[in-house]
Amino acid sequence: MKNNSFFEKVYQVTQLIPEGRVTSYGAIARYLGAPGSARMVGWALNNAHNLEEFIPAHRVVNRNGLLTGKHHFPGPRVMASLLENEGVTVENDQVVDFQRLFWDPNRELPADSLGNL
DNA sequence: GTACTGACTTGGG
DNA sequence: GCCCAAGCCAGTA
């Protein structure tokens with residue numbers, strides 16, 4: 001198990017995001033113990049394209065609920081479409097009721113949901 | 001080996 | 001309430 005890597009954790013947490021919910025890079029980074037390394041979360045997801053495993057990166061947005069990473073998807077409409085497909089309303093590249101749909105791993109997820117910390 | 005950029009966040013003015 | 005600057009780590013030039 002190499003889940004101890006920061007990147008691997010990001011992938012795990014991202015896959016653990018419930019359907020119809022969204023979270024922010026900072027929340028994941030903070031859950032991993034790196035509140036200031038929010039950029040690394042995005043970088044990890046960028047690397048996620050290299051993985052054979054599907055990563056619901058469309059459920060990860062910035063703290064404003066804005067789909068900042070939609071431009072990195074196969075299509076600029078893929079991210080919003082996937083979110084809307086899961087019941088998340090996206091308007092003007094921004095998640096509606098983001099605060100309500102916000103899924104905080106630090107609050108909703110146990111401290112050892114990654115398997116073995 | 002140094003410099004810049006990048007799917008971000010937070011704090012200060 | 002809005003704008004500017006710093007911090008973070010890794011990859012690429």
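**Entry 1: H4 and what follows**

I looked up the backbone just after H4 and found that Gly87 takes a positive phi of about 105 degrees there. I note for all entries that the model is predicted.

I then went back into H4 itself, residues 78-85, and listed its buried residues: Met79, Ala80 and Leu83. They lie on the same side of H4, because the arc they cover around the axis is only 95 degrees. I recall that an α-helix has 3.6 residues a turn, so residues three or four places apart point the same way. For the partners of the buried residues of H4, I found strand E2 (60-61), strand E3 (90-91) and strand E4 (94-95).

**Entry 2: Salt bridges**

I searched the whole structure and got four salt bridges.

The closest N and O atoms of Glu86 and Arg59 are 2.7 Å apart. This pair links distant parts of the chain: Glu86 sits in the loop between H4 and E3, Arg59 in the loop between H3 and E2, and 27 residues separate them. I checked burial for the two and found Glu86 buried, and Arg59 as well.

Arg100 and Asp97 also form a salt bridge, at 3.8 Å from N to O.

Arg107 is exposed because its relative accessible area is 60%. Glu108 comes to 45% relative accessibility, which means that Glu108 counts as partly exposed.

On the DNA side, sugar and phosphate make up 51% of the atoms of DNA strand B within 4 Å of the protein.

I sorted the surface by class and got seven nonpolar, nine polar and two charged residues. By element, helix H2 (25-31) and helix H3 (38-48) each supply at least two residues. H3 gives the most, with seven residues.

**Entry 3: Individual atoms at DNA strand B**

Which part of DNA strand B lies 3.2 Å from a backbone N or O atom of Gly42? I found a base nitrogen at that distance.

For Arg63, a backbone N or O atom lies 2.9 Å from a phosphate oxygen of DNA strand B. For His72, the side chain supplies the atom: one of its N or O atoms is 2.3 Å from a phosphate oxygen of DNA strand B. My list of pairs therefore holds a base nitrogen for Gly42 and phosphate oxygens for Arg63 and His72.

Terms used. Residues are numbered from 1 along each chain as its sequence is written. Chains are lettered from A and ligands numbered from 1 in the order in which they are written. This is a predicted model: local features need pLDDT of at least 70, side-chain atom pairs count only at pLDDT 80 or more; totals for chains, interfaces and linings use all residues. Side-chain values use heavy atoms; hydrogens and water are left out. Buried means under 20% relative accessible area, exposed over 50%, partly exposed in between (1.4 Å probe, protein chains only). Helices (H or I, at least four residues) and strands (E, at least two) are DSSP runs, numbered from the N terminus. The arc is that of the directions from the helix axis to the C-beta atoms. Contact means heavy atoms within 4.5 Å. A residue is near a molecule or strand if one of its heavy atoms lies within 4 Å of it. A polar contact is a pair of N or O atoms within 3.5 Å; within protein, one must be able to donate a hydrogen and the other to accept it, and residues adjacent in sequence count only if both atoms are side-chain atoms. Ala, Val, Leu, Ile, Met, Phe, Trp, Tyr, Cys and Pro count as nonpolar, Asp, Glu, Lys and Arg as charged, and the others, Gly among them, as polar. A salt bridge is a side-chain nitrogen of Lys or Arg within 4 Å of a carboxyl oxygen of Asp or Glu.
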